[in-house]
Amino acid sequence: MHQRRIFFLVTLINLLCLAVVTTVSAQRHARKGPARAVSVPKPAGVNFCGEPVPVESGAVAHNLSMALMRNISSQNHLINFRRRAIAQYFPVIEPILKKYRIPDDFKYLAVVESGLKADAVSRKGAMGYWQLMPETADELGLKFNDKVDERKDLLKSTDAACRYLRILYRNLGSWTMVAAAYNGGIGRMQSHMKKQRESNYYFLSMNQETSDYLYKIVAVKEFFQFPGQYLTSNLMASAGNLYERERAEAQARGLIPIDEPEPVGLAIAPKESMELRYETASVDSLLGALSQLKATNAVLFKGEVQAELVKPGKLAVGQTWQFKLTSEVQIGDQKLGKNDVLYAVVDDVDRQTGQLFLRSTKIVSPSEKQPYKLNLICLNTQTGLAGVPLPKADQLKPGGRGWVVDWKVL
């Protein structure tokens, strides 16, 4: 009788409860033979290209935790994908990165961009291992026509991508921002930095795709470097219909071909998986450490100014909204009065996550009718970062319930 290979899906409990790791550790001591020593990065030392990921922020820790969980939900397929990447692709990519003095971590950007598939193509027309757009490929000297597309050539496309990364670095001066600009575009990133007066990627208000981008890369880097930390202790346990879910997700991510036939034969644990299994007995995953850090960081942030919406504009970038201050406040040498009018512009509307990004341009006193320039940004009191949940429909109607939000000085 044909048997399907048994796969497993990491559950939230396995990943977030250190008690599970402790139990597995106790079981480990009953086995024969020593466990392999594995170096575990401390949360404060998490980095991309040597530039720190500020996981001391509760929001950053949460976002990285979610990226880790999403990226390791198809473990068995990722183990095989990791093996192929290390054997076939990284030996080509790494020397070229070194040649152009680009940090080794950028090889994980190629993993996130294309899954290391030559024929990967995006909805916008980006193609190849590094997902280069036609105009960018043309500027970098790559040939592409009906007969040939050098974006699909690992050697040539990597060389071109590295030349592009060097250009971005000369303009931005930060490898983290270089990676963000590779996804969001250099013009857009420079605009965000200028408008928000913020140069740290992790605290910029951006569209959802670019906001998630670095977390995906760091999560892939973490799994590739420390795969054993993210395997459950029981590799041979039956997962029932979870097999179907994992297989479908792996196909959607391009880790296995959609037309790959169902595997047949008796399920076995690959040698590498069995070896990695013992690593989980002696280490705590970064995800476990982040979950602890997030729990201790769950504080409520308060802005320097609180204001109530009095005249909403349209939910569109560039629209002006009016708020009134709910109390007197002193900002530097400037004393603001209750009911002073705050004029704010919409920087972004992210309907996918239900977030609204507002930035003030001026405050006007009704009595003095004198405008004061004051740069404020609308504050999410749960995270301390820019971006607040969209107001409800009745709060946007004339005479509707007041929508009160906090603002912090830029």
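The tour goes from a strand and its neighbours to aromatic rings and then to charged side chains.

Before you click anything, note that this is a predicted model: local features need pLDDT of at least 70, side-chain atom pairs count only at pLDDT 80 or more, and totals for chains, interfaces and linings use all residues. Residues are numbered from 1 along each chain as its sequence is written, and side-chain values use heavy atoms, with hydrogens and water left out.

**Stop 1: strand β8**

Select residues 355–364, which make up strand β8. Helices (H or I, at least four residues) and strands (E, at least two) are DSSP runs, numbered from the N terminus. Of the 10 residues in β8, 8 are buried, so the strand is largely enclosed by the rest of the structure. Buried here means under 20% relative accessible area, exposed means over 50%, and partly exposed is in between (1.4 Å probe, protein chains only).

Two strands count as paired if DSSP finds at least two bridges between them. For one of these contacts, pick Val346, whose bridge partner in β8 is Leu358. The hairpin of β7 and β8 has 4 residues between the strands, and Gly354 in the turn has a positive phi of about 70 degrees.

Which way does β11 run relative to β8? Show residues 388–389: they run antiparallel to β8, joined to it by 2 bridges. Gln355 has Pro389 as its bridge partner there.

Next, show β9, residues 371–372, also antiparallel to β8 and joined by 2 bridges. Here Ile363 partners Tyr372. The β8 and β9 hairpin has 6 residues between its strands, with Lys369 in the turn at a positive phi of about 50 degrees.

While you're here, select Lys362 and Tyr343: the charged end of Lys362 sits over the ring of Tyr343, 5.1 Å from its centre. To count, NZ of Lys or CZ of Arg must be within 6 Å of the ring centre and within 35 degrees of the ring normal.

**Stop 2: aromatic rings**

How many aromatic pairs are there? The count comes to 13, where rings of Phe, Tyr and Trp (its six-membered ring) pair if their centres lie within 6.5 Å; planes under 30 degrees apart count as stacked, over 60 as edge-to-face and the rest as tilted.

Select Tyr89 and Tyr129, whose ring centres are 6.1 Å apart with planes at 50 degrees, so this pair is tilted. The two link distant parts of the chain, 40 residues apart: Tyr89 is in helix α4 (residues 75–99), and Tyr129 is in the loop between α5 (107–114) and α6 (134–139). Tyr89 is buried at 19% relative accessible area, and Tyr129 is buried at 10%.

Then try Tyr108 and Phe224, an edge-to-face pair, 5.8 Å centre to centre with 75 degrees between the planes. Tyr108 belongs to helix α5 and Phe224 to helix α10 (residues 208–225), 116 residues apart.

**Stop 3: charged side chains**

The whole structure has 8 salt bridges, each a side-chain nitrogen of Lys or Arg within 4 Å of a carboxyl oxygen of Asp or Glu.

Pick Lys107, which meets Glu94 at 2.6 Å, N to O. Lys107 also forms a salt bridge with Asp104, the closest N and O atoms being 2.7 Å apart. Lys107 is buried at 7%, whereas Glu94 is partly exposed at 27%.

Finish with Asp159 and Arg163, a salt bridge at 3.1 Å. Being 4 residues apart in helix α7 (residues 154–172), they are separated by about one helical turn.
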